[in-house]
Amino acid sequence: MRMISLVLLLSLFSTGATADLLKAEKPEFLPVDQAFELQPVETKDGKLTVAWRVTPEHYLFKVRLNFASQSPGLKLGAIKLPKGKPYKDELLGDTEIYDSDLRVSIPATGTGTLKVTYQGCAKKGLCYPPQTREFNVSVAPKKKLA
């Protein structure tokens, strides 16, 4: 009788049922570019607009957003980030997050490369490494009314 139980037990471990059980215990995580979909940078009226689609159950850290010109011909003005939601993080302490789509407008003029750095997490317990993307942009000055 023990031999039959052992054979049944071994056959259970060799089936897909075990794989499904193990898979159910580990949450699956989206690739970073799906969790935080960074849109093409828009340029209009002396401003750059950087936007993300933030997938539900994910969030970006406000403190981990950074925008920098990589070219002397591209000048960035003062960057004012929107208010985020208060959040208590194990490593960062009291901070702010964005858990829905985000748009950041940056006063700018000129032509060059914009470097965008960001970091976020999945609420299921995974923090993605910081991401950096670069965009070649050309920003015309804001049109003056005549």
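Student: Which side chain does the side chain of threonine 117 make a polar contact with?
Tutor: The partner is the side chain of threonine 132, at 3.2 Å. Please keep in mind that this is a predicted model.
Student: Where does threonine 117 lie?
Tutor: Threonine 117 lies in strand 9, which covers residues 102-118.
Student: Is threonine 117 buried or exposed, and why?
Tutor: Threonine 117 counts as buried because its relative accessibility is 17%, and the cut-off for buried is under 20%.
Student: What else is threonine 117 in contact with, leaving aside neighbours within four places in sequence?
Tutor: Besides Thr132, the contacts of threonine 117 are Arg64, Leu65, Asn66 and Gln131.
Student: And threonine 113, where is that placed?
Tutor: Threonine 113 is in strand 9. With a relative accessible area of 16%, threonine 113 is buried.
Student: Which side chain is in polar contact with the side chain of threonine 113?
Tutor: That is the side chain of asparagine 136, at 2.9 Å. Leaving aside neighbours within four places in sequence, threonine 113 is in contact with several residues, among them Ala68, Ser69, Gln70, Ser71 and Leu74, as well as Glu134 and Phe135.
Student: Let us change topic. What is the volume of the largest pocket?
Tutor: The volume of the largest pocket is about 230 Å³. Its lining has 14 residues, and those closest to the centre are Tyr59, Phe61, Asp89, Leu91 and Cys127.
Student: Which elements give two or more residues to that lining?
Tutor: They are strand 4 (58-61), strand 7 (85-89) and strand 11 (126-127).
Student: Now the backbone. What is phi at aspartate 45?
Tutor: Aspartate 45 has a positive phi of about 50°, although it is not a glycine. Most residues other than glycine have a negative phi.
Student: Where is aspartate 45?
Tutor: Aspartate 45 is in the loop between strand 2 (42-44) and strand 3 (47-54). Its relative accessibility is 36%, so aspartate 45 counts as partly exposed.
Student: What about phi of glutamate 57?
Tutor: Phi of glutamate 57 is also positive, near 75°, and this residue is not glycine either. Glutamate 57 is placed in the loop between strand 3 and strand 4, and its relative accessibility of 48% makes it partly exposed.
Student: One more loop: where is isoleucine 79?
Tutor: Isoleucine 79 is in the loop between strand 6 (74-76) and strand 7. At 32% relative accessibility, isoleucine 79 is partly exposed.
Student: How far apart are isoleucine 79 and alanine 108?
Tutor: In sequence, isoleucine 79 and alanine 108 are 29 residues apart, and in space the C-alpha to C-alpha distance is 9.8 Å. Apart from neighbours within four places in sequence, isoleucine 79 is in contact with Phe67, Val104 and Ile106.
Student: To finish, how many helices and strands are in the protein chain?
Tutor: The protein chain has 3 helices and 12 strands. Of its 146 residues, 32% count as buried.
Student: And what share of the contacts with a separation of 6 or more comes from residues 24 or more positions apart?
Tutor: Such residues account for 66% of those contacts. The accessible surface of the chain is about 10000 Å², and carbon and sulfur atoms hold 58% of that area.

How values were computed: Residues are numbered from 1 along each chain as its sequence is written. This is a predicted model: local features need pLDDT of at least 70, side-chain atom pairs count only at pLDDT 80 or more; totals for chains, interfaces and linings use all residues. Side-chain values use heavy atoms; hydrogens and water are left out. Helices (H or I, at least four residues) and strands (E, at least two) are DSSP runs, numbered from the N terminus. Buried means under 20% relative accessible area, exposed over 50%, partly exposed in between (1.4 Å probe, protein chains only). Contact means heavy atoms within 4.5 Å. Accessible areas come from the Shrake-Rupley method with a 1.4 Å probe; for residues, only the protein chains shown count as cover. A polar contact is a pair of N or O atoms within 3.5 Å; within protein, one must be able to donate a hydrogen and the other to accept it, and residues adjacent in sequence count only if both atoms are side-chain atoms. On a 1 Å grid over the protein atoms alone, a cavity is a set of points where a 1.4 Å probe fits but cannot get out, and a pocket is an open set with protein on both sides within 12 Å along at least five of seven lines; lining residues have an atom within 4 Å of a point. Grid points are joined across faces, edges and corners, and a volume is the space filled by probe spheres set on the points.
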